[in-house]
Amino acid sequence: GINAEYGIHFENNSPFLTVTNLKRIVEVSHWGNIAVEEHYQLSHTGAKLKSQFSRLDFQRNPIGAPTAVKSFRTVLPASSKNVYYRDDIGNISTSNLRETDDANELEIRPRFPLFGGWQTKYYIGYSVPSYEMLSHSGQNYKLEFPFVDHSYDNLVIDDAEVRVILPEGASGFEIVYPNYEITREADDKIKTYLDTFGRPVLVFSATNLEENHIKNIEIYYKFNPIMLLQEPLLVVIAFMVIFTTVIIIVRLDFSISVDENKEARQRVAYLVEELFNTSAKIKSGVSDETIELLASVKAKKDSKHFKNAKKEIDALYKTLTDEAAAVTKKIASLSPSLSDRVADFSRREAERKTLLTSISTLAEKVLGDKISKSTLNEQENNLLTKLHAAQTAIEDSLAAL
């Protein structure tokens, strides 16, 4: 009859894959990258396997299990890069990525074939350039991306959660949903590297999704570009604090007892440096000026200028030699082991004094016309050579201290 019921039995060897739970994380960075990670709990909801599974039998005759899912294809954006496919154990190396002009196809091959009633967990991730999903005008930003993506052919998702991690400082959120029901859950916050008050996380959920639900969701928000400088400044400040702390610690003395020998060495080092400076002043202010004075007398026999200049040079020399003598005396008292070297310096300084006196005497002879030109040149060259050697010896003596 017309109202009779009929039962139809038929064979269907097609696998029935169902994503029982999908967790999708979209992390937005204004430094040019958007990271996407998708966590899948996948079940084979077809006819359950009745007998025990034998991998050996399956490998011998894989055609004999047409409902088993050995692999499937996930479509990723064409600009995706740094793609990975992992599970709780680690990286799954049996995947294969094929790049095309329109999209990147990732062949997902689970660690074991999926029979009816079996399930597996895995996650994939990739990065895309920010311009693929993000646009802005001033401080107003628009993020647009598919709420769910093409995980496999004839996609079915029971429960989906999408978490959108926006940059720290983003605010004023406005959402434009695709034409199906999506629930916005309570917002969250997450702290990652160099964050201070945390990044806002927008949480969305939906149920009973399939391929026709692969549509874009739009998120509008405000962001001050000055906030981009926050992380570099934090790095700079952190290094400044580290270096300043190291400098302070190195300069502090944490010893309980006073090291008198160390203090004596430091004082001797300071005195030696002071002796270096005094010797340099003698060379520039006395030795070099005496040589210049002889040259001036040779060019112009001005006895008045000679006497005034020589008087100033002698006064300066006496002051500097007195300072040098006081310093050498302190060095010898603080470090008796340096007494011989200090005495060597004093002896060489006396040699320099004798040579400078000889140069002044030579200048006086020039003023009194008591020396011939040839004898003058010969004696001048001889004295200057000896003076140069004496000053080199003084420098070597100081370096030995």
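Colleague: Which conventions apply?
Modeller: This is a predicted model, in which local features need pLDDT of at least 70 and side-chain atom pairs count only at pLDDT 80 or more, while totals for chains, interfaces and linings use all residues. Residues are numbered from 1 along each chain as its sequence is written, and side-chain values use heavy atoms, with hydrogens and water left out.

Colleague: What is the volume of the largest pocket?
Modeller: A pocket here is an open set of points on a 1 Å grid over the protein atoms alone, where a 1.4 Å probe fits, with protein on both sides within 12 Å along at least five of seven lines. Points are joined across faces, edges and corners, and the volume is the space filled by probe spheres set on them. For the largest pocket this gives about 240 Å³.

Colleague: How many nonpolar, polar and charged residues are in the lining of the largest pocket?
Modeller: Lining residues have an atom within 4 Å of a point, and they include Phe 16, Leu 17, Arg 73, Asp 153 and Asn 154. Ala, Val, Leu, Ile, Met, Phe, Trp, Tyr, Cys and Pro count as nonpolar, Asp, Glu, Lys and Arg as charged, and the others, Gly among them, as polar. The lining has seven nonpolar, three polar and two charged residues.

Colleague: Is Asn 154 buried or exposed?
Modeller: Asn 154 sits in the loop between strand S9 (140–146) and S10, strands being DSSP runs of E with at least two residues and helices runs of H or I with at least four, numbered from the N terminus. Its phi is near 55°, a positive value in a residue other than glycine. Buried means under 20% relative accessible area, exposed over 50% and partly exposed in between, with a 1.4 Å probe and protein chains only. At a relative accessible area of 62%, Asn 154 is exposed.

Colleague: What is the phi of Leu 194?
Modeller: Leu 194 is in the loop between S13 and strand S14 (199–210). Leu 194 is partly exposed, at 38% relative accessibility. Its phi is positive in a residue other than glycine, with a value near 65°.

Colleague: How many salt bridges does a search of the whole structure find?
Modeller: Side chains of opposite charge can pair when their charged atoms come close. The criterion is a side-chain nitrogen of Lys or Arg within 4 Å of a carboxyl oxygen of Asp or Glu. One network of salt bridges links Glu 27, Asp 195, Arg 199 and Glu 231. The search of the whole structure gives 23.

Colleague: How many residues apart in sequence are the parts that Asp 188 and Arg 163 tie together?
Modeller: A salt bridge joins the two side chains, at 2.9 Å from N to O. Asp 188 lies in strand S13 (residues 188–190) and Arg 163 in strand S10 (residues 156–165), so the parts tied together are 25 residues apart in sequence.

Colleague: Which helices hold Glu 380 and Lys 298?
Modeller: The closest N and O atoms of this salt bridge are 2.7 Å apart. Glu 380 is buried, with a relative accessible area of 13%, whereas Lys 298 is partly exposed at 35%. The pair ties together parts 82 residues apart in sequence, in helix H6 (residues 373–400) for Glu 380 and helix H3 (residues 260–299) for Lys 298.

Colleague: Where do Asp 344 and Arg 347 lie?
Modeller: Their side chains meet in a salt bridge at 2.7 Å, N to O. The two residues are three apart, about one turn of the helix, and both lie in helix H5 (residues 339–367).

Colleague: Which residues touch the most other members of the largest nonpolar core?
Modeller: A nonpolar core is a set of buried Ala, Val, Leu, Ile, Met, Phe, Trp, Tyr and Cys residues joined through side-chain atoms within 4.5 Å. The largest has 47 residues, and its largest share, five residues, comes from strand S1 (residues 17–29). Another core of 20 residues, among them Val 297 and Leu 355, lies apart from it. In the largest core, the residues touching the most other members are Leu 143, Phe 147 and Tyr 221.

Colleague: Which backbone nitrogen does the side chain of Ser 130 reach?
Modeller: Ser 130 is in the loop between strand S7 (119–129) and strand S8 (134–137). Ser 130 is buried, with a relative accessible area of 10%. At 2.8 Å, its side chain reaches the backbone nitrogen of Asn 33.

Technical notes. A polar contact is a pair of N or O atoms within 3.5 Å; within protein, one must be able to donate a hydrogen and the other to accept it, and residues adjacent in sequence count only if both atoms are side-chain atoms.
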